[in-house]
Amino acid sequence: MGPSGGALSAAAKQAEQLRIDGNAYFKKDRFGAAIDAYTEAITLCPNVPVYWTNRALCHLKRHNWERVEEDCRRAIQLDNHSVKAHYMLGLALLQKQEHTKGIRELEKALDLGRGANPKGYMVEEIWRELARAKYQEWERTSSKRSWDLQSLKEACESALKEKHSLDMSHMEGFLDDATTSQLEQLEALQRVFSKAAEGDAPTEVPDYLCCRITLDIFHDPVITPSGITYERAVILDHLQKVGRFDPVTREPLDPSQLVPNLAIKEAVQAYLDTHGWAYKV
């Protein structure tokens, strides 16, 4: 026979009180005591994801990344939509130098976080960590690409010069033509390689991919009924602190009228996929 409903209810109440105690310890930076409280709560009610993520956060504060990973994986088994679990798991994997897996978890957290209610909104925090990881990844791959391109360019130039030397020996009466042809080919080669390197050369991010207020590339774009796109956190802050109106058109605006701008979100992602330097902007 399993435990009665009353016993389960009593255990749940006790576990919830332990969570509250753990939160109080956490706020005082008493991470060891908080871990003990959350561990007791988990023993009583092991299927509550928040107990696992709360304990993971304590381990994170102590830089115990192995424990962070363990607790986050357990939380994700219980709730695959946990923003905090995917976020902290991503950080733990990056610490282990598992960059691809870590970035994947941060991207999952960002995607889930975009739909979170304002109270639990973590998009800016997640974006900062993801952008740092993606920029570092771009630096590594762009350095290799640059080296590979330069080596290939030198090999092509060398082959053209060698061909020119061979041609010169057979074209005594047409030396000027051969030289002109070689120069044109070398210039064409330069254009091809310059074009190939364009994606890795930092420029300015197109205006339509940036928020009108922050001037930064969009992290979580939302569109108003007026058709203007803003960064979600910025427009929500404006509506709360300044007034319920669109800052550009001055039309009345309620937070419930904001809709994710999926087209801009996808355009930003496509741009970042080919211009990794823009993560630093």
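1. Buried is used here for a residue under 20% relative accessible area, exposed for one over 50%, and partly exposed for one in between, with a 1.4 Å probe and protein chains only. By that rule Leu91, with a relative accessible area of 11%, is buried. This is a predicted model, in which local features need pLDDT of at least 70 and side-chain atom pairs count only at pLDDT 80 or more, while totals for chains, interfaces and linings use all residues. Residues are numbered from 1 along each chain as its sequence is written, and side-chain values use heavy atoms, with hydrogens and water left out.

2. On the secondary structure, the chain has 10 helices and three strands, where helices (H or I, at least four residues) and strands (E, at least two) are DSSP runs numbered from the N terminus. Read from the N terminus on, the order of the elements is α-α-α-α-α-α-α-α-β-β-α-β-α.

3. On overall form, the radius of gyration of the chain is 28 Å, whereas a compact globule of 281 residues would have one near 19 Å; this radius is taken over C-alpha atoms, and the globule rule is 2.2 Å times the number of residues to the power 0.38. The C-alpha trace spans about 105 × 50 × 35 Å along its principal axes. Of the 281 residues, 37% count as buried.

4. Contact means heavy atoms within 4.5 Å, and among the contacts in the chain with a separation of 6 or more, 51% come from residues 24 or more positions apart. The accessible surface of the chain comes to about 16800 Å², with 53% of it belonging to carbon and sulfur atoms; these areas come from the Shrake-Rupley method with a 1.4 Å probe, and for residues only the protein chains shown count as cover.

5. For the charges, Lys and Arg count as positive and Asp and Glu as negative, while His and the chain ends are not counted, and each charge is placed at NZ of Lys, CZ of Arg, CG of Asp or CD of Glu. The mean positions of the 36 positive and 42 negative charges are 10 Å apart.

6. A nonpolar core is a set of buried Ala, Val, Leu, Ile, Met, Phe, Trp, Tyr and Cys residues joined through side-chain atoms within 4.5 Å. The largest such core has 51 residues, of which Tyr87, Val205 and Ile217 touch the most other members. Two or more residues each are given to this core by α1 (5-27), α2 (31-44), α3 (49-61), α4 (65-78), α5 (83-95), α6 (99-113), α7 (123-170) and α10 (262-274), and α5 gives the most, with nine residues. A second, separate core has seven residues, including Val222, Ile228, Tyr230 and Ile235.

7. Ile217 deserves a separate entry. Not counting residues up to four places away in sequence, Ile217 touches Trp127, Val205, Leu209, Cys210, Glu231, Val268, Tyr271 and Leu272.

8. Leu91 has its place in helix α5 and touches Leu60, Trp65, Leu106 and Glu129, not counting residues up to four places away in sequence. The C-alpha atoms of Leu91 and Lys101, which are 10 residues apart along the chain, are separated by 10.0 Å.

9. Val259, placed in strand β3 (residues 259-260), is partly exposed, with a relative accessible area of 44%. Leaving aside neighbours within four places in sequence, Val259 is in contact with Pro221, Val222 and Ile223. Val259 and Arg232 are 27 residues apart in sequence, and their C-alpha atoms are 9.4 Å apart in space.

10. Asp29, in the loop between α1 and α2, has a positive phi near 65 degrees and counts as exposed at 55% relative accessibility. Leu215, in the loop between α8 (175-197) and β1 (221-223), also has a positive phi near 65 degrees and counts as exposed at 63% relative accessibility.

11. Ala201 is found in the loop between α8 and β1 and counts as partly exposed, at 34% relative accessibility. The C-alpha atoms of Ala201 and His275 are separated by 8.2 Å, although these residues are 74 positions apart along the chain.
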